[in-house]
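Q: Could we go through this one together, starting with the charged pairs and then moving on to the surface and the helices?
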Amino acid sequence: MELADGSKAVVDPEVQAYVSSLVTALGGSGSDEDGRYVLGDDALACLRDIKRWLKLYDEKANRLDVARCLAELNLVGGDLLQILAAWPENETDNKIKSRIALACVELLVPLTWPLDKGVEMTVNHHRHIPFLQLAQLGYKRSIVNYDGARILHTVTRVALPSMAVALKDRSTRDENVIRMVLYLLRNITMIAPPPGVQYDGDEIEISRSAIIDAFDYQDILHLLLALCSSMGEDFNTQDVVVMEILFHLIKGVDIETLFMNEKQLDNHKDDELAKLLTQEAGMRRANARTAPTRHSRFGTMLWVKRDDGKMSTVIGQDALLNTARSLDKMDKNKKFKPPTRAPREVKGPMDFDAPEKLSQRASNNLKTFVKDFLDSGFNPLFQNVRKAIDRQAERILEYHPRQFFYLVSWFLEAERVRRQSKKSQKSKKAADKDTDDSFGLVAGVLNQEMFITLNRAMEKDFGDKSWDDLKASMKCFTQILLTVQEMSESKLDEDQEIAENILARIFYEETTHDRVANIIRTFKDQGFGYLDAATELAHVYIRILENYSKQNTDLQVRSRRRVRRKKKAAIDAGEDDADDEIIDGSDNDDAQAERVSRERKFDFKRFSSRFLTQGCIDTFVTLASYYQELKPEQMKRAHRFLYRVAFKMDMSIMLFRVDIIHLLHKIIKGPGGLDPASKTFKEWDQLVRHILRKCVKKIQEHPELIVEMLFSKTTYTANFFQYGYETQTIESKARAAAELEVKPGFEWEQQIGVVVGALLDRNEGHLLECLKSQLSYAEIERRSWEGANKPIQSVETDAGETPLVPADPPKAPSIGNIPPNKPYIQHF
């Protein structure tokens, strides 16, 4: 809309006038009242009118004009926070002020609600969302750092009367009030600077550390503990909102750093500083080799003659050192522009891979909260949320299972780190006298119902290609395995027995083995977070399964295969060797097939061979390509897998590819390789040397391997180069159905008698009557045909005439069509 001066208005002037009048009538501060905020005569009505404008104009009309006007008028910082600060704790029973405070909260919730850039983006959204995102950062800073009063504590006082009511006596209004206060806390933790936008204020005031300190100072963490510990008894529908608050509080926080004491934290910081200084020194040494000197003031251009006779131009004096440096310089000058693709990783409030650094004070507050939560609130909260996810409750949104699995994995790891820190702090005498604590504090996510929910979610996410949800599920599964492994090493017999049962249930299903292998094999470009979670799951799963199979040599697994219904009788008859002959993995005849379950003895060698595909190897090679940025645990993970492939499984041929060999050589020899002083350099050096030695030996045995090093290898190609012969496959013939077989040694008539007797014993005499009727009909038809085709001899034949040679008799037709009017057709 154009104004009188010709400029365009961002917001409709009529809307802006109505909203401005309401904000003005709400109240204000003046010199007469010593700067104190004074409410207007109809302050409560004004607050409710502003709420109606937000609901009817912005929400229903899908516009953001009212929110823009309120941001420009500074409603939050200039009015709402002033009103909440004027409600002292000794006047909690004042109904008028409590209603006004509730009205303020009802306005703060929509004003701080996350702005979702959904599909239905209008011109108003593109115009207002950037401004409102910065305005929400101001709201967060004003609420968290308000000097006059504890705003968040005042907000929680609004919901205390509703929380005091018993669950069965609580009205819908009470539930909405509690939920509204929790949504406001969720919004405050969720607001973050948008990516690519410069925030003018101090980011420390809206950081995670500031939020945690404010929650601790204003007793919000105690409120969350009370809600979590009473979940399922005094509270029910608030579980999802509390879970969201916890997610935005702890996502990205390093657990090992969180549970360090001051001395360990100082040592950790010193180690990080020493590592950075060593890395910087290495970069300076590498740069000093090619850095210009005081005499190298002239340009340099070289011609490098390649193997094909062509000439390439290289610029720079660093190319004069040696041939390798010249070729490396030439490679760096090559420009390749890969096709741009949309990033698959989630960036924003739901991203949990970005690391978060906390201040010392915030770390101590969060550590205390985590310990109390593990002791009292872990099982009630996550059991309630898991039940809601299983029954697909209305309050469960699309991203809630992702947050649930991530929180379970984070707190399970926190419990393990806490136990390790306890053991390190105990003296030897105390350790001898003390017994291990039970794992009952986290038992709520170690039951069969949780495993069913987790397996269902992983299978669904993998099928739907929901990589971010699958990443959270994989993290949860990994931490469950590690927790169960620690349970098996506990001193309590009860924990050992429970761990044994859990591992037996997990490893009993062959579908779980297949899923882990398929996740590794199908990695492509899902992001580093997904790569880290997938490789960690595979590493932990293989290691624990290998140890468990060694301890339990009679481990049985349940395999599910697709079999044809017409061949299912052989399995039902109890034939042990029917599996390999009857199993049909084709998907073309789903209508004629069904899934059956068979138990068989577990073979770890057969299981580990599923990771010998080129896709699985490429996944771990991709992880190793980030060697300059990986932690020692991640480097160890890639090292163990390559060692398993090359030596334990004796399939080093799968690693003989040009890019893999080049990467392994670069990790050790450079340029830009591992630091020789690092912890993992020695292990990688020995591994690379043995792999290269094997590669050279294989090339001497099979010179054609040089050509194959340019390509990925299939199982048959790798087997030929590894062992010198192709894989031998034995084709088995299909066996006849069991109902058509009679034991040998009987005459034909006796065999017929056995079949007739068997049918009569099974009360199937109607089949014999049907067969007799068909045979009778066939006999009549055949006799009629023979009578019609019988030759007639002539009586008028001369004495000297030679008789004609009879021609070949005609072939009898097959009798297969039975007339439909026959009565026995009804029995067939």
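A: A residue counts as exposed when its relative accessible area is over 50%, and as buried when that value is under 20%. Bear in mind that this is a predicted model.

Q: Then is arginine 783 buried or exposed?
A: Arginine 783 has a relative accessible area of 57%, so it is exposed.

Q: Which residue does arginine 783 form a salt bridge with?
A: Its partner is glutamate 779, with the closest N and O atoms 3.3 Å apart.

Q: How many salt bridges does the structure hold?
A: There are 34 salt bridges in the structure. One of them joins arginine 657 to aspartate 618, where the closest N and O atoms are 3.0 Å apart. That pair links distant parts of the chain, 39 residues apart, with arginine 657 in the loop between helix 28 (632-648) and helix 29 (658-669) and aspartate 618 in helix 27 (residues 614-624).

Q: Changing topic, which residues form the nonpolar patch on the surface?
A: The patch is formed by Met301, Trp303, Met311 and Ile315, which together have about 520 Å² of accessible area. Strand 3 (301-305) and strand 4 (311-315) each give two or more residues to the patch, and tryptophan 303, in strand 3, is exposed at 65% relative accessible area.

Q: And at what angle do helix 9 and helix 15 cross?
A: The axes of helix 9 (residues 208-217) and helix 15 (residues 360-376) cross at roughly 55 degrees and come within 9 Å, and the two helices are therefore oblique to each other. The crossing is left-handed as helix 9 passes helix 15.

Technical notes. Residues are numbered from 1 along each chain as its sequence is written. This is a predicted model: local features need pLDDT of at least 70, side-chain atom pairs count only at pLDDT 80 or more; totals for chains, interfaces and linings use all residues. Side-chain values use heavy atoms; hydrogens and water are left out. Patches are made of residues with over 30% relative accessible area and no salt bridge: like charges are joined within 9 Å, nonpolar side chains (Val, Leu, Ile, Met, Phe, Trp, Tyr) within 5 Å. Accessible areas come from the Shrake-Rupley method with a 1.4 Å probe; for residues, only the protein chains shown count as cover. A salt bridge is a side-chain nitrogen of Lys or Arg within 4 Å of a carboxyl oxygen of Asp or Glu. Helices (H or I, at least four residues) and strands (E, at least two) are DSSP runs, numbered from the N terminus. Buried means under 20% relative accessible area, exposed over 50%, partly exposed in between (1.4 Å probe, protein chains only). Axes are lines fitted to C-alpha atoms, for helices over the stretch in contact, and angles run from 0 to 180 degrees between N-to-C directions. Angles under 35 degrees count as roughly parallel, over 145 as roughly antiparallel, 65 to 115 as roughly perpendicular and the rest as oblique. A crossing is left-handed if the near helix is turned anticlockwise from the far one by less than a right angle, and right-handed if clockwise.
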